[in-house]
Amino acid sequence: MPACYQGELTIQRGKIVSVAESKGGVTLIIDGKRKEIPDAWVLPGLVDAHAHVVGLGIACREGYLYGANSKQECIERILQANIYRDGWIVARGWNQELWSPALFPTRWDLDEYFPDTPVVLFRVDGHAVWVNTKVLNIASITQSTPDPVGGAILRNSDGEPTGILIDAAADLVTEYIPRLSLTEIEHAIIQALFLCSQAGLTEIHDMDVLPEDLPIFTRLAEEGKLPCRVLSWVRGQHYEWRDHGILPTVGEFHRVVGVKFFADGALGSRGAALLEPYSDEPSNSGLLLLTKEELVERFKCVIEDGFSSIAVHAIGDRAVRVVLDAFESLHTLYPSLDDIRFRIEHSQIVHPDDIRRYASLGAIASVQPIHCISDAQMAEQRLGARVHNSYRWRSFLEHGVLLCAGSDFPVESYNPLLGIEAFCRRVPTARQESWQPQECISIVDAVDAYTINAHRAADMSYRRGRIAPGMDADITILDRNIYACPLEELSQARTLATVVGGKLYEHA
Ligand SMILES: [Zn+2]
C-alpha cells in the first residue's frame, strides 16, 4: 500500500481492520458508521517528534512578541496586550535577529515604560530572557552577581547587568514568575492540541515536561479530551523527575516514556557549545550545560527507573560530541541497551567524524527542519565555513542514522507540512535558492521522519506509522497527494480530518 492513497478504511475499536484502495476520495467506516470524504488522501498520522505542548498553549496567551520588527514594536505590543500574570508581565517571542541593528535590547528600554511592574520577555528560542530593572532587583542580580555555570548575565562596559540573561542565568529570574493556575494550564493544553490536530498531527512527543504538569495530561487523557496522543519526556536537568518520584507510565493517549536533558543552549543566543569559537564572536565558543560525567550519572538513573528513552538537547558540535561520548560510556557500562531509545534533540551542527558515531551507538537524530530555513542567515554568521556541518539530514540518512522530525513549537509553527517542505527544499525565508541543497531529502524520507521514524524513536512502530490491518487507527487526511504534488505546494496542503485511536476529528 502506498503511503498516501485513496480508498476505504474500516476501523474497529481504535484499530484498522481492513484497507481497500479505490479512486475519488476516502471512505471511513468507524465502528460501523460510514463517513465519505471526497477528494481526500490518507497518510499515516503525522507526529511532531519534538514540541512543547504547554508552551504552545501559553504562547497563544502570551506569545505576542513573535515577528516583532523592533524593540519599540515589542514595547507597543506589550502595552496593547495589557495581559498580566499575577501582577507580572510575561511575554515571549522576541528575536533581535529581525531588528536593525540586530542587537540585544536592554532593561533600560523597558524601565522607561515599566518602572514598577516586573517584566520578563522570553526570546523566541526560550534560551534568553529580557527583563527590566524591577525583575533584576526581585532576583537580587547586581554587578557583583557571578555568571552561573552554563549561563551568562550580559553586562555593559561598566560591568552592569543589561537585563539580558542567557540560559542558566535566566533560571535566576524564572523561579520568581508566578505559575499559571491549574485551570489555565489545562486550557493551554487543550487549546494547543486542537491547533495541532487542525494542522494534521495525531501525536506529539512533548519535551522537557514539568513533573507537576504530568497529572493534568493523564487526567485529560482519561477523560478523552486529548485530540492528539501525547508522549512525555519529563524534565531531568536537575533530577526533577526523581524529586517528584516520576516513573514511566503507560496509557493509550498519554504515556511518560523518557527523561529530557540539555547539553547546551541555542545558536541564536550563542549558547550552543561549539568545538571552535563563534565566527562572529571569537572569544566565545558557547556553553556546555552538563559534562560527560554529569550526563552519564543522570542516564544511569533514567535506566534504573525503567524509562525507555533518553532525550538530550544538543545543538553545537561540541555538545553533540559530549552526548555521544556519554552514550558510548553507557554502552560499556551496560552490555545490552537495545531497549533504550537515545535521542539527540536538534542535532544541528555535527562534526563529520561524529555523524557515523550516531549510527554505531544507535543514537537517533531528532531534528526540526523548519529551524534550518528560519535560521540559515544567522547560522552563516555564527558558523562561517562550518555551515556545511549544519542541518545534515541527508548525511544522517546516508550513514544509516534514524531521523525523526518535529517543529519545536512554539519556537516555530506547529504545521508539519512546513517542516516536510523544508526537508525537501531547504529554501530559507526570503530567499529563492535552496540552501546547502546537498542536504535536502526526498518526500518519502521526509514523511517517514514525521511518521514511522518518529514511532521508532518512541518504540511504538509495532503499532503506529503504517496504514495496515492491525495498526492503531491514527490517520491524517489531506486534500491532496503530497507524494505527487510539486514540492513548493507541499505546505499549502490542507488537513481535512484526523483520526486518533479511531476517533474522528473533522477540520474542513
Ligand atoms: Zn525544544
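Modeller: Let's start with pairing: two strands count as paired if DSSP finds at least two bridges between them. Strands (E, at least two residues) and helices (H or I, at least four) are DSSP runs, numbered from the N terminus. This is a predicted model, so local features need pLDDT of at least 70 and side-chain atom pairs count only at pLDDT 80 or more, while totals for chains, interfaces and linings use all residues. Residues are numbered from 1 along each chain as its sequence is written, and side-chain values use heavy atoms, with hydrogens and water left out.

Biologist: How do you know that β20 is joined to β21?

Modeller: There are 4 bridges between β20 (residues 495-500) and β21, and the rule asks for at least two, so they pair. Val 499, for one, has Leu 504 in β21 as its bridge partner. The two strands run antiparallel, and they sit in an open sheet of 4 strands ordered β5-β19-β20-β21.

Biologist: What makes β5 and β21 edge strands?

Modeller: β5 (41-44) and β21 (503-506) each pair on one side only.

Biologist: What makes His 50, His 52 and Asp 408 donors of the zinc ion?

Modeller: Donors are N, O and S atoms within 2.8 Å of the metal (3.2 Å for Na, K and Ca), and with water not among the atoms, sites may look incomplete. His 50 (NE2), His 52 (NE2) and Asp 408 (OD) lie 2.1 to 2.2 Å from the zinc ion, so they qualify. Their spacing in sequence is H-x1-H-x355-D. His 52, in the loop between β6 and α1, and Asp 408, in the loop between β18 and α14, are 356 residues apart.

Biologist: Why is Asp 408 called buried?

Modeller: Buried means under 20% relative accessible area, exposed over 50%, partly exposed in between (1.4 Å probe, protein chains only). Asp 408 comes in at 8%, so buried it is.

Biologist: Why is α14 called oblique to α15?

Modeller: Angles under 35 degrees count as roughly parallel, over 145 as roughly antiparallel, 65 to 115 as roughly perpendicular and the rest as oblique. The axes, lines fitted to C-alpha atoms over the stretch in contact, with angles from 0 to 180 degrees between N-to-C directions, cross at roughly 140° and come within 9 Å. That value falls in "the rest", so α14 is oblique to α15.
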